[in-house]
Amino acid sequence: MNPLSSIKSMPSHISRILVIAHHAFTQLVRMKVFYFLAVFAVILIASNFFNLPQHEGPESTGVNILRSIKSWSLGAMTLFSVVLSIVATALLLPKDVEDRTLYTILAKPVPRLDYLAGKLLGVLLLVFVSLALMDVLMTGILHLRTNMILEAQVAMAERRGWPAEDVLLLKKDILAQGATFSLQGAVFSVFLRASIIASMSLLISTFSSSTLFTTIISFLIYFIGHFQADARAAYFAQEAGTSDSWIAKALTLLVSLVLPDFQLFNVIDSVIEGQVLPLFILGKLTMIGVFYAVFYIIASWFIFAEKEF
């Protein structure tokens, strides 16, 4: 194909992908089974607001309360995004086949890569909107609780006659546990992990025989990805010094490229403790997320292109 004609056809490809993504997003929103997950996550986050603090000591209690809010909130977001990414992606292709929507779309004709990219974009849009709403709720709760704790504990510290330097340090510690840029970066890392999981589930669904199979295998790979780094380190330690260790390293590298290491996205633990999330780490996670999303969507295209409907 002429490169110039390929460039000119780019807007039509983008418009088709956006139309398919909008249809997938609308289709998923209408599946009320996801409302239960959303309500669960919202209640789990909002319940932190009613756990009013008992100020036992200005040096620790308030900080622990804010850490607890972030821990439960980010945990709910992670659980929700993982389940939604896997189940939503696993349902899309079989449902289009069942409703015969897939035959209509591919008969127009619509390139299969555009179809897959649109479906994935629709899932990611739903995950992004859901996480954004929960993030707004979490940030609002943290802002209110931070002000409450800050006012109460600073007043208590002043009554106890703390030096001005210690009071400023107390304020800094409490504010570091509130709504910060690092906290938003942690939420974005949750979305990046969900993007990889959705892309992986899309790949599995292209050759899967059922939605249940896609869901089970996706969850299995997700859990394996959390132990990949430990297994890789143990294997290298066992194979060190052997003559065929370079072969083992090459195979391990290949497995690492195909199966993502989800431990890399566990930055939320340090953020919960109040540490700053460096932009370099966030940029690295973004590049990893984009790499696996592109890798899985291309692999899905190669498999999907050979299927007959």
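Buried residues account for 43% of the 309 residues in this chain. The model is predicted. Its chain holds 13 helices and zero strands. Two salt bridges are counted.

**Overall build**

- Read from the N terminus, the elements run α-α-α-α-α-α-α-α-α-α-α-α-α.
- Take the contacts between residues at least 6 apart in sequence: 86% of them join residues at least 24 apart.
- The chain exposes about 16300 Å². Carbon and sulfur atoms supply 70% of that area.

**Salt bridge Arg16–Asp114**

- Arg16 pairs with Asp114 in a salt bridge. Their closest N and O atoms are 3.2 Å apart.
- Arg16 has a relative accessible area of 25%, so the residue is partly exposed.
- Asp114 counts as buried because its relative accessibility is 5%, and the cut-off for buried is under 20%.

**Salt bridge Arg67–Glu273**

- The other salt bridge joins Arg67 and Glu273. Here the closest N and O atoms are 3.7 Å apart.
- This pair also links distant parts of the chain, its residues being 206 residues apart. Arg67 sits in helix H4 (residues 61-98). Glu273 sits in the loop between helix H12 (268-272) and helix H13 (279-304).
- Arg67 is partly exposed, at a relative accessible area of 26%.
- Glu273 is partly exposed too, at 42%.

**Charge pairing in general**

- Side chains of opposite charge can pair when their charged atoms come close.

**A buried position: Ile197**

- Ile197 is part of helix H8 (residues 181-207).
- Its relative accessibility is 0%, so Ile197 counts as buried.
- Which residues does Ile197 contact, leaving aside its neighbours within four places in sequence? They are Val82, Ser85, Ile86, Tyr222 and Phe262.
- Ile197 and Tyr296 are 99 residues apart in sequence. In space, their C-alpha atoms are 9.7 Å apart.

Technical notes: Residues numbered from 1 in each chain as written. Predicted model: local features only at pLDDT ≥ 70, side-chain atom pairs only at ≥ 80, totals over all residues. Heavy atoms only, no water. Salt bridge = Lys/Arg side-chain N within 4 Å of Asp/Glu carboxyl O. Buried < 20%, exposed > 50% of the residue type's maximum accessible area, 1.4 Å probe, protein only. Helix = DSSP H or I, 4+ residues; strand = E, 2+ residues; numbered from the N terminus. Contact = heavy atoms within 4.5 Å. Areas by Shrake-Rupley, 256 points an atom, 1.4 Å probe, with all protein chains shown as cover.
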